[in-house]
Structure formats: C-alpha cells, structure tokens
Amino acid sequence: MRSSWMRHWLLFCCLLCSAPLHAAEILLSGAEDNPAIRAFSAALAELRPQDRVRFQPLAQLPSPERIPAGTRLILLDLHALDWRLSTAAGPPALMLRISRVQARERLGKHRPAQLSLLWSDPAPARQLRLVRLLLPQAQRIGVLHDEHSQFLLDELRQAATPLGLEIVGQAWPDSRDNRPLLALLQRSDLLFGVDDDDLFNPRTAKNLLLTSYGQQRAMIGPNASFVRAGSLASVYSDQQDWLNSLDRLLDQPPSSWPHSAYPAYFKVLGNRQVARALAIELADDASLTQQVAEGEHL
Amino acid sequence: MAINPRASLPLSLLALLATGEVLGDDLFDNHHAMPEVLTATRLKQAPAAVPGSVTVLDSALIKASGARDIPELLRLVPGMMVGYRNGNQATANYHGSNVTEARRLQVLIDGRSVYRPGLASVDWTDIPVAIEDIERIEVFRGPNTVSYGANALMGVINILTRHPLDSRGTRLKTTQGQRGIHDWYASHGSAWQDGALRLSLSGLQDSGFDHDQFGRDYRDSRRLNRFNLSASQQLDSRHSLAWQLAAKEGSNQRPYGYASVFDEQIAPGDDGSDVKARDYAGSLRWTLDFSPEHSLYLQSSAQHWERKQVWRACEAEVAFSPELGELWDLNPFYVVKFGDYLTQLKNNPTNAVLPPGTAREQALATAVRAQLFGGGAAPVCGDVNQSMRETRYDFEVQDTLSLSDDLRLLSGLGYRYDHADSETYFNGALSNHIWRLFGHLEWQLGAHWLVQGGAMLEDDRLSGSSLTPRIAVNYLITPRHGLRAVYSEAVRSPDMYENNVDWRYRVRNLQPQAFGQSSATYFARSRGPGDLDQEIMRSRELGYNGSFADVGISLDIKLFYDEIHGMISEPLRNDRFFPSNANSMRFSGAETQIDWQLSHADRLRLSYAYLDFSASSHLDRRLSARHSGSAGWLRDWGQGWSSALFYYGADQLNQYRFERLDLRVAKRITIGSAALELAGVMQQRLDDEPLTWQENNYDERQLLYFSAELEF
C-alpha cells in the first residue's frame, strides 16, 4: 500500500516536472498559407502528440477575444501580430519570425503582456562568442546600421563588454555609397552583420562581401544565407531548432513565457572556402556549435 | 546545440530525413534569392598559400608614404631597385641589372600591360593613372610568365585602381612644394542601382634635378595632365562589365640630345630635345559567372603611345655625306678607325695614315676626307625627329573552373597586336602578333599540402615560340604559416627595337643645305639582327610566409637563385649597336618583409634584400644593390593627426649610395559631411651622392611639399 502510494506520488511529480498539466490547444496562424507552413505545423503536432496542434490561416480567424483563453497562439508573420495586437483581450501568443528591428518599428519599446517575442536574429552573445572562437585576435567589431537598427548597438555593447570586445558602429544611410563601409572596415577587425533587411539583403550582399573581402576583413553573420553567399560563419536556428525551442516553451505555462527571447536551440554554419582564403582555421560546424553553446552556461 | 532529451529516436530520424526538404523550404531560412558571392572562382589564396613572393602596397601605405608617383612607392618592395635616368625618366628593376632600361618587368594597370612594345620600356611618368586613384599595388617578385605572359621575367607590378563604387563623392587635392612641385587632382564618383562611375582629372609638375655634374642647370622638368574614366555595371546576376578610358598629355624636358662627333666647337642647335608625350588607353572587361564554380572573363584593351621629339641639331656637313653613310653601312668599325685617323690628322698630320681596308672602303674614306677639307667641316643645322607612335590591341579570355573544393583550374587564351611607327627607329612601321595559351592548376592535398603548377605556350611572330613551365609546392603548417618551394622558367622576347630596329636620322630643313640637299640622312645607323632568341630565366625559390595574428605580425622570407641565359644586354644606341644573346646573369640572395601592426595606432613595416650577383656584361652590374631596404613607422595620434616616417636605403645604385628619410605629418579635419586633410612631407637625403647618374643632383638635400585634400 505504502509503496503504491509512493509510486503514484513519484509519477505525479514526474508529470508535474516534465509535462504540461493537461493537453493544450495550440493554434498557429499567419496571413500566408503554404506547404512550408503546413509542414512546420505538422512537425510541431508530431512533436507534441499530447496537444491539439493546428494551423489556421489568419483570414479564417475571428478576433482574438473570441478565441478560448486556454488556447496557445503561435503567430507566424507580422500580419498575425497586428491581428493579435488589435485587442488586449485574448489568449497568450508566441510570436515567431520577427526581428528586433521589425519589433522596434511595430512596437517601439513597448512589450504587450500577452505576447512573447521570439527573435529571428542570432543572439548577440552567441554570435560574439563565435567571433571570439574564430578570430581570437579581433577586438573591434564593425557594425553597420541605419536609423532603424541603431538601437541594436546598445545590446551588442552589453554582450561585447564581458568578452572584451569593442563595438564600432557606423551609420550606412545609403547602401549605394561605399564610403561609410570602407571607413568602418578600416577601423574595425571584422564586419558583423545584423538582422536589418534594409542593409543586409540579397541586393547588398555582393557589395558587402566583396568590399570586406577586398579589405581582407571577414564578415560574420547575419544569417545562414549570408554564410552561403560568402560570410565566414554565423549562428542560426533552422526549423528543427525552432521546433525544439517552441517545444520547450510550450511545456511551460504561458505565465512564465518571457516577454522576448532568442531561440534556445541553434547551430553554427561556417564557409570553408572563405575560411581558407582568409587563412582562418575553421572547426567543423558541430564542434563550433558545441563550443558556442558551452559559453552559454558560463 | 542543446540536445532535446525528449525527442525520441524515431522523431530525430524523421527530422533528419526531413532535413533535405526543410533546407530547401525552411520557414526560417527565407533568403533564397541570396547570390553566392565569395565563390571558389572569386576567392584568392591566403598569403601562406601563394605560389611565390608577393608584396602588397595597400592604400594606407601608399597614402602614408607621401609619394607623388609610382616608382617612389616601389622602394617599399624588397629587392626593387629604383633609379633615375633624369628627373622624368625613372627606371625600376627587380634585382636591378641594366641601369638605363627596365626591360624585364611586366607592369599592369587593372590587367592592362603598359610596357611599351617599341622601345621595351615603361614610361613611369607617362602612365595615365594618378596615384590618388590607386587602391593597391601587388608586386609579384619573381618570374611568372604563366600568369602574366612574356616580359614577366623578373617580376610583375600589378597596379589596381579603386573600384568606382568605392569612389563616390568629390575629392579635390593640391600639392605644392619645392623643386617646382605643382600637382593637382580632382575626382567625382557617382553610383546608381547596379553601377558606378568615377571621373578623375589630375596634373603633375616638377622641375626634376637641379644641376648636372658641372653645376649647370639640368633640363629635366616635367608637366602633365591626365584624364581617367572608370565605370562598372552589373548587367544581371551573372554578367558584369567594367570599362576604363584614360588619356595623358604632357611634356618631358630633355637636355639637348646631340654632341658633334666632328667638331666639339659646333654650337647646339636648340635648348633641349623635349618630348611631348601622349598616352591613350581604353579597356573593357566582361565577366560571366556561369555558376559559383565556373566563371570567365573577357578583357580587351586598346592603347596608343605618342612620343613627339623634334629638335634642331647642328653638325658638320660631312655627317650627311652619302659616301660616309655608305662606308658606315659597309663597315662601321672602319668608320671608327677613320675617325681616329681624322683626329690624328688634326693633331699630328705627319704620322697620320689612312686606315687599311678594302679598296672600296679606302676609296670612300678618301672621298669623305676630300669633302671634309673641301668645306664639309662647316656646321649645318636641321630638324631631328625622334618621334614614335605605338599601338597595342590586346584580348584575353580567362576561365576559372573549380573542379572540386580542392582543385581549381585557371586557363586562358590571349592575343596581342603591337604596332610601332617611327621613321627614325624603324624606317617606317613594324608590327607583331603574339598568341598565348596558358593553364594553371591549384590542387590542395589535405590540410597541409598545396601543389600549383602551370605552363604557358607563346608564339611571337618576330621571335618564335616558347613554352614555359612553373611549379610550386606549399606546405601549410597551419592556414597562416606556409613554406614554399618554387621552380619556374620564364622567357622574354626580344623587343622590336632589339631585334628589328632600323635606326637612321632623316634630318630636315637643313640650313645651310648639306651637299645641295635640304634634307639628308645622318651617316650613322644601326639595324637589329632580326634573329635574336628569347632570353630564358630559370628561377628557384624557397620561402616562408607567416601571420602571427595574436601579435599582428605578417612575415615573408624568400631565398632565391635565379639565372638568365641568352641575355640581350646592349643598350639602345644608334652607333655600333650589335645586340646578341651572348650574355648571362645570376642572382642569389635573401629577402624579407615584415608588417607589424603594433596596436590600432601603430604600424611598423620593414623590408630588406641581400643580393649577390654576377653578370657577364658590365652593363648589367649597374643597378643591383647588394643591400637595400626600407623601414616605416605609421602612427595615428588621434584627433585627426597622423604621421609616417620612412627610411629607404641602398648601398649602391649605379655605384652611388642612396639613403633617405621621409616624414609625412597629416591633420584631418571634419567639417560637417566634408573632410579636409592637410599634410606636409619632408624628404631628407642622408647621403651626398648624385641619384643614379652623376648628372642627377639637387641643390639641397632636403625637400618639402604640402598638400591639401578636400573630400565631400
């Protein structure tokens, strides 16, 4: 009898620690509806068999206050964000695929209580740890910004200071004018890409990469696509990382969701050809990922 | 990556299986339109992996040096010997050799060779590029005909101008100083969606050396103006175009270019024999990126050199005697002996005997003697024309193919047409067609070994065909530290003048007339043999290149043993010019260059070359210093102040020691969005020697000049 009671108690404790108390209704939504979104939704459903996971296009959703309060919303684009922000009432939401710059434009410094913003940007501390690993002698981190992304410098500086790195900012108001870029490359040791689509996009990639390479400066970040284009390396989170990160958050009650967070799971992608041309020793992606992750707990 | 302990094995497998699909259509990696930019075809080798010795003069160094023209910058390159024939004729030779000609160096501006085909020279003063437009200079120290074609015998100077996209805005600069320095530069760059353009105009002026060895004024000033237009246009994601137009006009003073051989008392007919020099160039490069692994470019260029040199010279009438000309053609050595006989006739007539020779030689000599005593010693003056026009068309296709991550093939085909037109030098026009085919393979064997080799096949219509191989093995201790062993062969084709010169002066407007003619041919003439072979160089090199990133040191060491066979050593002259492939030369030694970024504010740069050499011709022993080098300290003092101190030294350049200390101090002032830089340069010679030649002297050992540059 006693052992049976203990077994139940232990089981209860385990359930309490490792699983949500009850099956949850998880609703993903966005203005777009395409196979990639459906696949993501299906993968999340598979990851959380105990929950009811479904995707519904934004156009088919009622206003947020008419959705049951126990539902957990996962918003996939900015239209969905606008929809959720249209009223304070309604269920809590996890906002995916939003960058710091986009959030700043939409929300300013305001962080609505019902929202948890999950940044698409690579976490500055991780990216800077990657810099330390690949270019231990680099101290001056060159960061291009425009008026929309200037605020990122503060956060970058906070992350850089403990690592002994200096952030060198340079405004780049007109991407057809290379003078600010050249000036920055001259007074910094590398170019650090930030998630600002105005500055780092397919149109500017060629010039950014060729100019920094021409000045024998490596570029780090801002994302995996840029690494494939010729950036030395970047921290990034792919779909699987996002699924795992979401899984972790969905295990928690919405009341303990952070107002904003970077994904818990990530990877590192390096460009071996570029590393060779810049005479940089590049460990394989998995061990770089592990080394960057190790710094997380220090 | 944090491992999710809850993901079951089947789920992880599922995720892995899904990865391929997800990567192609990942909700969180949505930059599918991103082009691949730094591809295998665009990336260059890291310094430790380069199959040879390279010195890069970057824009910071170029600016800090305060140099006004390119040859002065080349003093920063280990083993580069820089000399001056006069104030406006610099000669730069890697490892030296001949002091008057620099025939064995290839010089390129954005891939366009500026080595003049006609007279086998590089006119540094006349190259239509302003130093302010130069982004960097890459000097390949050693033979590399595989990559750069014939004439890249002892080295290659690759001058790269600033990309138009990096030149946006306006720059205005003026430089004024002692020794008649008046330089100016103005440029404006603009950019649009997919292209950019820069227009620059510039001028340079100075008075050259002050006095010759006799203390007389030296006529060697220069004045020039240049025009440059450089543009780039991205046509679409795979095609891009870059084109340039350049022109230069100017005047280079020369001292009076003739001394009478018959009577030293005959007065000069003119103040000097100045050259009006005009250069025109246009080039177009079309780059096609087939894929990240395969690209091709097509470059074509057209160039025209115009040297107008006409002056009035005076000589005894007999110099235009048809009989004397015939005698010279028969046997120039007899004419030399006949000249000695004439001198003897003047000083000691009783012992003078007409030199023995064939009956025809003696008959002609007798006739000339009669002309001389029958009034032929009287001076006549006429217009000497030493002008020349040269034209070059050059096409090159180069294909870069990355066969795998570790194997890259560069191959290409080139065609060059050279045309020289000069009544004096070629008795008309002369042209040459040159084809070349080249291939170069880079093969990375694991993390440490790199084997690079190639060959060039060249066919030169005037001097035949040649095949030159090149092989290099690099051992990379780490990506930043590499050892290299290089063997290369290179050729230099004899140039038009060496092989095919037909040098004769047709003097016009003779007053009084010579033998009843107002236009006559000067007796001395020379002809190239037409059957000269190519010079062959064999070079062996061991080297180390390392970068100690933690302390900011880059270091390169080179040990070399080079031999040139079949060397054509005879300088250009119009009497007794008998070039041959009879000479040879050998160089061995060691070179090093160190670049040390001490801090963000301080940079040290050292270069040193020790050269041991032997040459069968005394003419090739002139411009090779045994010890030469440079030392520089660049400092940023903050608040816009910066300074650079350079020392240059060579123990003997044509027997003269050369040591100089240069100091440049600059202050940059920001005014709104504009910037003004004020700079002063002081050069202090540390020796009392002439520069290269005894004629080349300055009144003062010190030179000062100042510049002001506005950017907005």
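**Entry 1: the parallel sheet of chain A**

I began with the sheet in chain A of this predicted model. I found 6 strands in an open sheet, in the order β2-β1-β3-β4-β5-β11. The pairing is parallel.

Which strands stand at the edges? I noted β2 (52-55) and β11 (260-261) of chain A. Each has a single partner strand, so one side of each is left without a neighbour in the sheet.

I then looked at one pair inside this order. Strand β3 (residues 72-75) of chain A runs parallel to strand β4 (residues 93-98) of chain A, and 3 bridges join them. I picked out A:Leu73, whose bridge partner in β4(A) is A:Ala93.

**Entry 2: helix α2 of chain A**

Next I followed α2(A). I saw that α2(A) lies across β1 (25-29) and β2 of chain A. Its direction is at about 180 degrees to β2(A).

The helix also has a helical partner. Helix α2 (residues 35-47) of chain A packs with α10(A), their axes 10 Å apart and at an angle of about 45 degrees. That angle makes α2(A) oblique to α10(A). I recorded the crossing of α2(A) past α10(A) as right-handed.

Which residues make this contact? From α2(A) I listed A:Phe40, A:Ala43, A:Leu44 and A:Leu47. From α10(A) I listed A:Gln239, A:Leu243, A:Leu246 and A:Asp247. I sorted the contact of α2(A) with α10(A) by class and got 6 nonpolar, 1 polar and 1 charged residues.

**Entry 3: the two domains of chain A**

I looked up how chain A is divided. Domain 1 covers 2-121 + 239-261, and domain 2 covers 124-237 + 266-297. The C-alpha centres of domain 1 of chain A and domain 2 of chain A lie 31 Å apart.

How many residues does each domain give to the contact? I noted 9 residues from domain 1 of chain A and 9 residues from domain 2 of chain A.

I turned to the side of domain 1 of chain A that touches domain 2 of chain A. The elements giving two or more residues to it are α4 (100-107) and α10 (239-250) of chain A. α4(A) gives the most, with 4 residues. The residues of this side of domain 1 divide into 2 nonpolar, 2 polar and 5 charged.

**Entry 4: helices α5 and α6 of chain A**

I checked another helix pair. Helix α5 (residues 124-134) of chain A and helix α6 (residues 152-160) of chain A have axes that come within 9 Å. They cross at roughly 55 degrees, which makes α5(A) oblique to α6(A). The crossing of α5(A) past α6(A) is right-handed.

On α5(A), the contact residues are A:Pro124, A:Ala125 and A:Leu128. On α6(A), I wrote down A:Glu155, A:Leu156, A:Ala159 and A:Ala160. By class, the contact of α5(A) with α6(A) has 6 nonpolar, no polar and 1 charged residues.

**Entry 5: where chain B touches chain A**

I moved on to the two chains together. I found 37 residues of chain B in contact with 49 residues of chain A.

Which helix gives the most to the side of chain B that touches chain A? I noted helix α1 (residues 9-24) of chain B, with 3 residues. The residues of that side of chain B divide into 21 nonpolar, 6 polar and 10 charged.

**Entry 6: antiparallel strands in chain B**

I looked for sheets in chain B. I found 4 strands in an open sheet, in the order β15-β16-β24-β25. The pairing is antiparallel. At the edges stand β15 (310-316) and β25 (520-521) of chain B. Each has a single partner strand, so one side of each has no neighbour in the sheet.

I took β15(B) first. It pairs with strand β16 (residues 379-385) of chain B over 7 bridges, in the antiparallel sense. B:Ala313 has B:Gly382 in β16(B) as its bridge partner.

Then I went to β17(B). Strand β14 (residues 294-308) of chain B and strand β17 (residues 388-404) of chain B run antiparallel, joined by 14 bridges. There, B:Ser300 stands opposite B:Phe395 in β17(B).

What else does β17(B) pair with? I found strand β18 (residues 407-422) of chain B, antiparallel over 15 bridges. B:Ser402 stands opposite B:Arg408 in β18(B). β17(B) and β18(B) form a hairpin, with 2 residues between them.

Note on methods: Residues numbered from 1 in each chain as written. Chains lettered and ligands numbered in written order. Predicted model: local features only at pLDDT ≥ 70, side-chain atom pairs only at ≥ 80, totals over all residues. Domains from an automatic or database assignment. Contact = placed C-beta atoms within 7 Å. Nonpolar A, V, L, I, M, F, W, Y, C, P; charged D, E, K, R; others polar. Axes fitted to C-alpha atoms, helices over the stretch in contact; angles between N-to-C directions. Parallel < 35°, antiparallel > 145°, perpendicular 65-115°, else oblique. Left-handed = near helix turned anticlockwise from the far one by under 90°. Pairing = 2+ DSSP bridges.
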